[in-house]
Amino acid sequence: MSRTLAIAICGSGGAGVVACGELLLRGWARAGGLGFLRKAFGPQIRGGESAALLCLGEDETYLPTAAMDLLVALDWNQFARFEDEIALGPQSTVLCPDDDEVPASVQASGATVVALPLAAAVAGAHPEGRRNMFALGLLGQLLGLDAAALAALATARLAGKAPAYRDAAAACIDAGAGWPLAVAVTPPARPGGERWLLTGNQAAGYGALEAGVRFVAAYPITPASDVLEYLAGALEAVGGQLVQAEDELAAVNMALGAAFGGADAFTATSGPGLALMTESLGLAVASETPLTVLNVMRGGPSTGIPTKSEQGDLDIALHGLHGDAPHLVLAALDIADCAFTTSWAVALARQLQTPALVLSDQFLGQSLAIVSPPGLHVALPAAAVETVDAGEYLRYRLTASGVSALALPGDPGRRFTADGLEHSERGTPSTAARDHAAQLDKRARKLATLGPGPHWGTVDGEGELALVTFGSASAAARAAATRLRAAGTACRVVCLRLLAPLPAAALEEALAGCRRVLVVEQNHSAQCWRHLRAHLGDVPVPAESFARPGPAPLDPAAIAAMLAEEPVHG
């Protein structure tokens with residue numbers, strides 16, 4: 001197993017904790033290292049608490065973890081709120097201010113606590129100095145990073161500020177880098193090579209652009225707002241347009257209107273916003289209009305936990321539309337895969353003339369990672385559209401594939417009615433049972449005949465034990481499989497990228513020969529397990545469930561232990 005180093009930086013909201021973590025990761029990337037940064041903060045607009053959780057490693061296996069090797073506390077305000085996400089033990093080292101009482105939980109953990117005169121050290125470095133920049137210098141020293149390079153990154157970040165702030169940052173970084181520390185850590189090896197530094201939200205936006213999206217309408221919502229911030233500038237650079245709507249209802253309807261007009265359209269939201277969008281997504285199904293929606297999941301229900309990760313929106317993504325409304329549901333498997341999965345979703349929506357929902361979550365969306373350049377090229381077969389009869393254009397013609405010729409407003413000789421009412425092949429509203437059944441069959445046939453090809457998911461390993469998962473839970477499942485294999489137990493891992501239509505035949509083939517199957521997910525009600533049982537039954541064997549709610553990360557050791565135990569049959 002490759003070496004990893006888990007680092008937590010915590011402090012009050014506004015103390016610059018995340019800035020410190022981002023600059024450290026950027027410096028580590030410039031030096032050829034691999035790793036990612038997970039952000040943890042409260043729901044407050046200002047103030048509250050904040051933590052930057054970094055995991056540095058020797059490969060791109062990016063697993064959220066609570067077990068920390070090193071904690072740097074700028075202050076101890078509200079630290080108790082992070083006790084589920086920052087786990088300390090005898091192997092941990094804590095650097096903290098000497099003028100603030102160490103929490104009882106930290107003292108009881110057995111960690112080595114090193115109190116530093118942060119206030120005096122920062123004041124001595126520069127009158128305008130900040131603790132976060134001094135901490136950046138300390139961490140750079142422990143990781144063997146060049147202090148001048150870190151200072152250059154910090155001053156570039158502060159380019160719009162007064163010179164005194166840039167000078168203060170450089171002075172504090174230099175002071176921290178030269179501070180005599182009685183502790184040491186062993187950083188992972190730095191493999192080098194071409195890498196990108198981006199979040200999952202940025203990757204999703206990039207994938208949408210590369211797939212041809214040129215119109216985005218959205219309403220800001222945590223944790224999806226970063227997608228819009230990225231796309232605002234990126235769309236302008238390619239001649240596209242982003243509109244900030246007054247709410248999620250307006251956003252999805254603007255995007256739907258643009259798609260009806262021929263644009264590849266996109267919107268992004270989170271659970272509460274998706275709930276508002278479902279009626280209009282039904283309109284996209286009925287009118288057979290391609291549209292892609294990214295849902296960056298968070299803890300729910302209602303307002304829930306806006307700044308924490310959970311996979312609780314699978315049910316609404318699959319079944320939230322009223323009536324029989326077949327549509328696409330996909331899930332990104334990791335931070336870099338947000339680009340590919342979103343790109344593929346746009347292409348599938350275009351090919352099948354239907355809405356596509358892409359599931360990400362707060363961990364994937366807001367984590368900053370050093371990744372290999374994502375691959376995006378998706379070769380899709382041309383949709384099988386029958387030749388239009390010379391005498392009459394039928395927008396909703398009953399074809400063998402379910403896909404009919406798409407016309408845009410103003411196309412000569414291709415006028416038709418498009419609304420949310422059931423209709424005939426021409427588009428004329430109809431309440432006839434014959435038309436209703438025919439159009440229901442047509443819309444279902446598009447997805448039923450979809451050949452997902454090799455992109456439906458990933459299959460790794462072999463053996464009679466299997467873990468099945470989706471989305472960000474894939475990292476924990478893979479880590480659990482690694483533990484089992486190290487203990488001599490063969491195990492395979494199946495990670496689903498396409499959830500609807502479920503690629504049942506491919507999944508059955510991937511699980512052939514298994515005597516135990518465990519479905520791993522981060523929600524309370526085992527939504528993926530129920531979805532698989534509904535479609536696969538007991539093929540090849542009755543699946544078991546490992547479902548845990550957020551915001552605490554899934555524990556690979558607990559997953560491995562459950563799969564390794566023989567089930568007790570009463």
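This is a guided tour of the structure, one selection at a time. The model is predicted.

**Whole protein**

Start with everything shown as a cartoon. The secondary structure comes to 18 helices and 20 strands. How does the radius of gyration fit a compact globule? A compact globule of 570 residues would have a value near 25 Å, and the protein has 26 Å, which agrees.

Now switch to a surface. The protein exposes about 22,600 Å². Carbon and sulfur atoms supply 53% of that area. Of the 570 residues, 55% count as buried. Among contacts with a separation of 6 or more, 74% are between residues 24 or more positions apart.

Colour by charge next. There are 38 positive and 56 negative side chains. The centres of the two sets lie 3 Å apart.

**Helix α7**

Select residues 200-210, which form helix α7. Is this helix enclosed or open? Nine of its eleven residues are buried, so the rest of the structure largely encloses α7. Show the buried residues: G200, N201, A203, A204, G205, Y206, G207, A208 and L209.

Then bring up what they pack against. Three strands are β7 (196-199), β10 (265-269) and β11 (291-297). The helices are α8 (225-237), α12 (337-352) and α13 (362-366).

Step just past the end of α7 to G212. This glycine takes a positive phi of about 110°.

**The T222 to P223 bond**

Move along to the loop between β8 (215-218) and α8, where P223 is found. Zoom in on the peptide bond that joins T222 and P223. It is cis, with omega about 5°.

**Helix α10**

Select residues 271-287 for helix α10. Two residues here are worth a stop.

Pick G273, which is in α10. Beyond its neighbours within four places in sequence, G273 is in contact with I221 and E248. Check the distance to E248: the C-alpha atoms are separated by 5.6 Å. Along the chain, G273 and E248 are 25 residues apart.

Now pick T278, which also lies in α10. T278 has 15% relative accessibility and counts as buried, because the cut-off for buried is under 20%. Setting aside neighbours within four places in sequence, T278 is in contact with I316, G320 and L321.

**Two positive phi values**

Go to S302, in the loop between β11 and α11 (314-319). Its phi is near 55°, a positive value in a residue other than glycine. Is S302 buried or exposed? S302 is exposed, with a relative accessible area of 64%.

Next, pick Q353, in the loop between α12 and β13 (355-361). Phi of Q353 is near 55°, again positive in a residue other than glycine. Its surroundings are another matter. Q353 is buried, with a relative accessible area of 5%.

**The V539 to P540 bond**

Jump to the loop between α17 (527-536) and β20, where P540 is found. Select V539 together with P540. The peptide bond from V539 to P540 is cis, with omega near -5°.

**Helix α18 and the segment after it**

Select residues 556-564, which make up helix α18. Show the side chains of P556, I559, A560 and L563, which are buried. Look down the helix axis. Where do the buried residues of α18 fall? They fall within an arc of 95°, so they line one face of the helix.

Finish at E566, in the segment after α18. Leaving out neighbours within four places in sequence, E566 is in contact with R515 and R516. E566 and V72 are 42 Å apart in space, C-alpha to C-alpha. In sequence they are 494 residues apart.

Note on methods:
Residues are numbered from 1 along each chain as its sequence is written. This is a predicted model: local features need pLDDT of at least 70, side-chain atom pairs count only at pLDDT 80 or more; totals for chains, interfaces and linings use all residues. Side-chain values use heavy atoms; hydrogens and water are left out. Helices (H or I, at least four residues) and strands (E, at least two) are DSSP runs, numbered from the N terminus. The radius of gyration is taken over C-alpha atoms; the globule rule is 2.2 Å times the number of residues to the power 0.38. Buried means under 20% relative accessible area, exposed over 50%, partly exposed in between (1.4 Å probe, protein chains only). Contact means heavy atoms within 4.5 Å. Accessible areas come from the Shrake-Rupley method with a 1.4 Å probe; for residues, only the protein chains shown count as cover. Lys and Arg count as positive and Asp and Glu as negative; His and the chain ends are not counted. The place of a charge is taken as NZ of Lys, CZ of Arg, CG of Asp or CD of Glu. The arc is that of the directions from the helix axis to the C-beta atoms.
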